[in-house]
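I opened the model today and kept a few notes as I went. Have it on screen beside you and follow along.

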Amino acid sequence: MTDASSFKPSRRSLIAGAGAAAALTFDAQLARVLAQGTGPIRIGVLNTFTKMAALFGETTMRGIEVYLEEHGGKIAGRPVEIIKEDDEFNPQVALQKLRKLVESDKVHVVLGPLGSHIATAMAGYMKQMGTPWIITGAGATALTKERIPNMYRATLTNWQVANPMGTWASANGVKESIVIASDFLAGHDVAEAFKETFEKGGGKVVKEIFSPVNTNDFSAYVSDIRATPAQAVYGFFTGSEAGRFVKQFQQFGLKGKMKLMGFQSMLDADTFPLQGAAAVGGLSTSIYCETLDTPENKHFVEMHAKKSKELPGIFTESGYTTMRIVDDAAQAVGGKIEDAAAFCIAIGKTNIMAPRGPVSFDPLTHQAIQNVYVREVVEQDGRLVNKVISVVPNVGDNPLNKV
Amino acid sequence: MDLFISQTLNGLVYGALLFLLASGLSLIFGLMGVVNLAHGSFFMLGAFVGLSVAKATGSFWLAMLLAPLPVAAIALAMEVFFLRPLYKREKLDQVLLTFGFSFVFTDLVESFWGKDTFSISEPPSLEDSIEFLGGFFPSYRLAMLGFGLLAALILWLIIDRTRAGAMVRAGVDDSATAMGIGLNVPLLLTTTFTCGAALAGLAGVIAGPILGVYSGVDVEVLIPAFIVIVVGGMGSLKGAFVGSIVIGMADTFGKAYLPETAMFLTYVAMILILLARPGGLFGKV
Amino acid sequence: MTPLPPKDTPTRIPGRRTAGWEVVALGLAVVWPFVASPYGAGLVTEVFIFAIAAMSLDLLMGYGGLVSFGHAAFFGAGAYATVLLTMKLGWSAWAGLGAGLAVSGLVAGVIGYLCVRMAGVAFFMLTLAFAQLLFSAAMKWRWLTGGSDGIGGMARPSLLGLPLADSRTMYFVGLVAFVLSLMALRRVINSPFGHALVGLRENEARMRALGYPASRVKLAAFVIAGVFAGLGGGLYAIYNGFVSPDALTFGLSGTFLLMVVLGGAGSLMGPAIGAGIFLLMKQFVSAHTDHWLLIVGLIFIACVMFFRGGVHGLIERLRTGGRA
């Protein structure tokens, strides 16, 4: 799917080598051999590589690959085997694939998923199995309320990112806004978090629209939005949905008439190719911005440029930073990643300067504490980029998750 | 522009798209008694071929012109080599066969083009919005409406005014009699199946800039097309036309005014029509 | 080894009685979880669960000639009822499952009542529409169903003090449910009711003339099939600890249909084999090639065109030396 490299996901060779039958039976011996801390570190990547969110699975994977390439395919001195599985954005498929990763491939750590609904479905099983698990995409606010000792979230929560946008909008002259979101857990989560601070700051949400997941044609909604007196739209979409919404927003003459604001996934380096000029001027909040002027980010962008012509987006950065977290924690336990409990504790002690800025984990909820950036899409050197216009430093987890 | 007018236009545009898909589905059903479960696949195949043509040539119009051809060729082969040997069997076997083909086509598409979502760019001349009645409407969508109406007109002329059309009508009414009076029914079926597939493929290209091009779009368009032919009546061109407009409108206004129950109500309506008038509003039953 | 069936049963309805190879298969099935990894046991557990649903569709399709394109409605109803009653009302999962059977039977009763009078395409469209109706309800009633995210977090219960969190226990629950379902459905088919159902498929006018209440027989078949599909759905929910609208999709209805045709309609055991082939192929073929859909599609097409008996028909033909 992505560029070939020496450590390309070897799902197929693994299965072909071990043989389907061996994967199913008599694997106790195999497990013993592998438990000695000398073989490869097996990392299971469960993400969405098909349908509307395929883009994000692939960009997450690219971040992982960039990190490995930079470090010679090794973590804590051990070779790395990435086993990649596609959850098809479907929780039932995800559970099947997860069981395969954990019970058959016996991965040492699971990275993923993208969908909050998938993370929700995974939670019970992961808690039971105890395999270290780092979330690279799913932002459902309530996930870090669950107190799963082996789960860390190295990315945003919906609340963390949507909340500052509401504050910013109400402080910057937006009086009335529409909220439109994809009709699933994350969409409702984000809508609520935006509304909370936006209305606290004196704004008013005049209409909330929840469009069915994977809506192709937004014409009915954008026509409806145009007929309201609101000065702004706050949207939550991901992947190709984000591409289509922003394009149709322009085609129906809304651009220039009202401010376009969105969750990070709606106006991100990942989605610009689908949106083109329609995205210019759009505002969003995120935990990352590709044009951040820090040495860490410049280095990351440089490394990334070897693999892709595009600038990295948040998921690429998440993949990259998550691998850094895994690497650091593995080194802290002397490479013995098989000791899941010690490895999890080491993850919790993360305190790094990532491309996105400082990252550490909330000791109680295991949510990453990080900066949130308010960004504007601008055209620069013939391409679209996000520019930081305001920084909210060290935003933690939703206080409601801590009680 | 008045919200009502713009929503009406949106509904008509969606209806036009549905018509391109449903007309073929309906005529195939009318003639062969077979619900073609691979009809959505023809739409999807057309969209992907159109994507490749548009990318290679840079021309949307060429994509529109060329994409239906390979789709028609595949449908022709499918009809002659697979469906025809089953004419004498239960209709159900043919339905199941088309179901099997929908898997094959999905695999075909995924191995050639992958599982990502793509989009065909609209022709540059139709990229902008037209300003009229004090509002904006995307030019491309108006063009889609035009394509739908043009297709309806051409189909109507063929079915109503030509000898071939007369044969189709005779076949829909009573295929046994049609065969009795010396019509070459197999040829008629093959032609209709192939043309219906080409039309679905064309719809796939036309919908490309709006709906996107991805594996899975086949089922997503097939179910609304089913609803259209249930409402309009299976086997009737007029039914497909009216049904497309009704469903296009209902979907658009439902999304805008009854967002919580629109989808639900659509299926309730489908069930009620099936129970009260299994032949649909314009069906032959 | 296997005794040949008596030769004086020309009108034998297939799938009626236990064949020798089935006993062997059962023996292997009992041993499997002790030699397999938990993952391998889990895979086959899923096969048992889907086999129950596929067999229930076979009752309608293979014996009654009623081809439903909405069988996921009953599977999903059972799954949702089980999870909802367990999670929202705090019932035990077993009580939830029991009530799930009643709910899916009820749903099947209502849908069946309206559908059995229809024939051909109208029947097909109507079953499809009802399944889509339930699907859209599950998507929209977020307060109850969690919308497209579904409801998760249901812990696997215990049975007789043995926790189902253990993959072996879960496996045997699936196996026992499968065997009991197979036996029960066989009994249904062997009963006068089963004969009436087959008779209606063969010649409805004649059966009506003989005084058989055609609609009522079909409706009863619908309800029985619904209950067993609900059992499959409820077990699947327990197995996953989770339910989402994916359990109600058109795609799932199609999958059940595929399993039935692949294995051979009208043989009960065939659709169960079909479920096994489908799920195991999905797991293993898709690990080696991206073309597993192509392979499934082609086998399906071949079954429709040349082997109406499906895989089970082929087995029977081999077993009886071409006489069956």
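Entry 1: I began in the loop between β4 (109-111) and α6 of chain A, where Pro113(A) is found. This is a predicted model, so I treat what follows as computed geometry. I looked up the peptide bond from Gly112(A) to Pro113(A), and it is cis, with omega near -10°. Next I went to the loop between α5 (91-104) and β4 of chain A, which holds Lys106(A). Phi of Lys106(A) is near 50°, a positive value in a residue other than glycine.

Entry 2: As a reminder to myself, strands of a sheet pair through backbone hydrogen bonds, either parallel or antiparallel. I then picked one pair, β1 (residues 41-47) and β3 (residues 78-86) of chain A; these run parallel and are joined by seven bridges. Within that pair I noted Gly44(A) standing opposite Ile83(A) in β3(A).

Entry 3: I checked the division of chain A and got domain 1 (11-156 + 294-366) and domain 2 (159-286 + 372-402). Their C-alpha centres lie 29 Å apart. The contact takes 24 residues from domain 1 of chain A and 25 residues from domain 2 of chain A. On the domain 1 side, α4 (54-70), α6 (116-129) and α13 (314-332) of chain A each supply at least two residues. That side of domain 1 divides into 12 nonpolar, nine polar and three charged residues.

**Entry 4: a helix pair in chain B.** Which way do α1 (residues 3-32) and α11 (residues 237-257) of chain B cross? I found their axes coming within 7 Å and crossing at roughly 140°. Angles over 145 degrees would count as roughly antiparallel, and α1(B) and α11(B) are therefore oblique to each other. The crossing of α1(B) past α11(B) is right-handed. The residues of this contact are 14 nonpolar, 11 polar and one charged.

**Entry 5: chain A against chain B.** I found 21 residues of chain A in contact with 22 residues of chain B. On the chain A side, the elements giving two or more residues are β8 (204-211), α9 (219-226) and α10 (239-251) of chain A. α9(A) gives the most, with five residues. By class, this side of chain A has 10 nonpolar, seven polar and four charged residues.

**Entry 6: chain B against chain C.** Last, I looked at the other contact of chain B that I had marked. It takes 32 residues from chain B and 30 residues from chain C. Which elements of chain B each supply at least two residues to the side that touches chain C? My list reads α5 (91-113), α10 (217-232) and α12 (262-276) of chain B. The largest share, 13 residues, comes from α5(B). I sorted this side of chain B by class and got 25 nonpolar, three polar and four charged residues.

Notes:
Residues numbered from 1 in each chain as written. Chains lettered and ligands numbered in written order. Predicted model: local features only at pLDDT ≥ 70, side-chain atom pairs only at ≥ 80, totals over all residues. Contact = placed C-beta atoms within 7 Å. Helix = DSSP H or I, 4+ residues; strand = E, 2+ residues; numbered from the N terminus. Nonpolar A, V, L, I, M, F, W, Y, C, P; charged D, E, K, R; others polar. Domains from an automatic or database assignment. Pairing = 2+ DSSP bridges. Axes fitted to C-alpha atoms, helices over the stretch in contact; angles between N-to-C directions. Parallel < 35°, antiparallel > 145°, perpendicular 65-115°, else oblique. Left-handed = near helix turned anticlockwise from the far one by under 90°.
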